[in-house]
Amino acid sequence: GINAEYGKQWYQRRVREEGCSSFSSQVSLVRCCSVIADGQHPRLGEICRKCLEGTWEGGPKHSDGVAMLVRSWLEHGAEMEEVVGELQRVVDKTGSNLPSLTRSTLPPVYRVVCEKLVGNLRKISTDSPDENTVTDLAECVNNFAVLISFIKQINNSRPMIRSALTLGQRFLEVFLSKGLPALSGLMKEQWLEVQSILKRLQTPTRYLHHVTGHSKSIRDIALTAKVPQMKKTLELLVLKVKAMLAAHGCSAAFWLGNLKQRDLKGQEILSQEPQKDEDEDEAGSDISELSIDTDEGEDEGRGDEEPCEDSDPYSESMSIGY
């Protein structure tokens with residue numbers, strides 16, 4: 001629109017005439033253009049990316065400025081996979097294409113990207129699920145898995161752990177309310193795709209379980225306060241998946257198992273005795289592992305359950321365990 005075009009011209013004129021050599025001036029101008037813009041404008045996204053390509057001197061609000069640029073970049077055309085890929089390079093220390101993304105700026109950027117991912121999941125249309133719905137859900141779940149994996153790679157980043165617990169819970173809640181019903185409707189037609197999505201979801205949900213154990217073991221009050229709701233959400237996922245399989249006559253494909261409390265490095269937390277009283281007030285138990293196995297041999301010894309009612313291909317090969 002006219003406002004957005006004026007904003008872009010103003011930005012370009014300020015850069016040309018005054019240089020805008022400081023990071024704060026770049027951020028201020030982008031923030032102003034974002035307010036003026038009436039909708040998504042790829043050009044503004046390009047400007048944000050250009051700012052992130054610069055090497056700037058850090059300041060007290062430098063990280064927040066970088067996070068704002070990433071948010072605007074995502075809002076104006078950046079692909080989530082590209083942004084997550086850049087963050088992966090920062091985490092892996094292989095060097096991001098965007099010098100403004102560093103380990104020090106990662107926590108606020110991580111929060112912004114997680115928030116945007118939850119928004120993307122919420123926007124997926126599931127009224128009439130089809131192949132595009134499955135593709136969009138698979139994309140969101142994959143990005144979610146990658147983002148949660150950063151917590152393990154960057155050990156003991158309290159801000160990132162807090163974001164993972166808060167926004168991880170929101171992601172799973174939206175997935176339960178929108179994603180799972182859509183997958184249920186497509187299970188017979190696209191069972192391989194459904195299986196792949198649920199299997200991919202296994203890794204981040206298992207690790208979020210580890211994060212809850214870690215938060216309680218270090219007795220961090222702020223983090224521990226988020227643990228009960230996260231565990232309830234994880235357990236609700238168990239029940240919903242079980243119900244979905246039962247609705248398709250495939251209850252035998254579901255099996256249940258307890259997860260041990262582990263820290264962020266995957267080491268078992270042995271001193272759990274003091275936590276027993278706290279756990280008694282929480283609904284359910286520590287059963288949040290989502291596991292899909294296509295190896296029939298893995299199903300041996302799980303009890304004398306009746307086979308799935310129908311002879312559909314997915315009922316013969318898919319095994320989901322918690």
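Predicted model: local features only at pLDDT ≥ 70, side-chain atom pairs only at ≥ 80, totals over all residues.
A residue is called buried when its relative accessible area is under 20%, exposed when over 50%, and partly exposed in between, using a 1.4 Å probe and protein chains only.

Residues are numbered from 1 along each chain as its sequence is written, and side-chain values use heavy atoms, with hydrogens and water left out.

View 1. Of the 322 residues in the protein chain, 49% are buried. A contact means heavy atoms within 4.5 Å. Among contacts with a separation of 6 or more, 78% link residues 24 or more positions apart.

**View 2. Helix α4 covers residues 62–75 and is mostly covered.** From first C-alpha to last, its 14 residues reach 20 Å, close to the 20 Å expected at 1.5 Å a residue (the expected span is 1.5 Å times one less than the number of residues). Ten of the 14 residues in α4 are buried, including H62, G65, W73 and L74. What do the buried residues of α4 pack against? They sit against α2 (23–36), α3 (42–52), α5 (80–92) and α6 (106–123). Just after α4, look for G77, which takes a positive phi of about 110°.

**View 3. Zooming in on S72, a residue of helix α4.** If we skip its neighbours within four places in sequence, S72 is in contact with V30, S34 and C48.

**View 4. S96 lies in the loop between α5 and α6.** Leaving out residues up to four places away in sequence, S96 touches E86, R89, V90 and L101. S96 and E53 are 43 residues apart in sequence, and their C-alpha atoms are 9.4 Å apart in space.

**View 5. Helices α7 (residues 131–153) and α9 (residues 191–217) cross at roughly 25°.** Their axes come within 9 Å; axes are lines fitted to C-alpha atoms, for helices over the stretch in contact, and angles run from 0 to 180 degrees between N-to-C directions. α7 and α9 are therefore roughly parallel to each other (under 35 degrees is roughly parallel, over 145 roughly antiparallel, 65 to 115 roughly perpendicular, and the rest oblique). The crossing of α7 and α9 is left-handed, meaning the near helix is turned anticlockwise from the far one by less than a right angle (clockwise would be right-handed). Among the residues that meet are V134, L137 and F144 in α7, and I197, L201 and Y207 in α9. The contact of α7 with α9 divides into 15 nonpolar residues, one polar and three charged. In this count, Ala, Val, Leu, Ile, Met, Phe, Trp, Tyr, Cys and Pro are nonpolar, Asp, Glu, Lys and Arg are charged, and the others, Gly among them, are polar.

**View 6. Helices α8 (residues 158–185) and α11 (residues 227–247) cross at roughly 15°.** The axes of α8 and α11 come within 10 Å, and the angle makes α8 roughly parallel to α11. The crossing of α8 and α11 is left-handed. The contact includes L165, G168 and L172 of α8, plus M230, T233 and L237 of α11. By class, the contact of α8 with α11 has 13 nonpolar, five polar and two charged residues.

Note on methods: Helix = DSSP H or I, 4+ residues; strand = E, 2+ residues; numbered from the N terminus.
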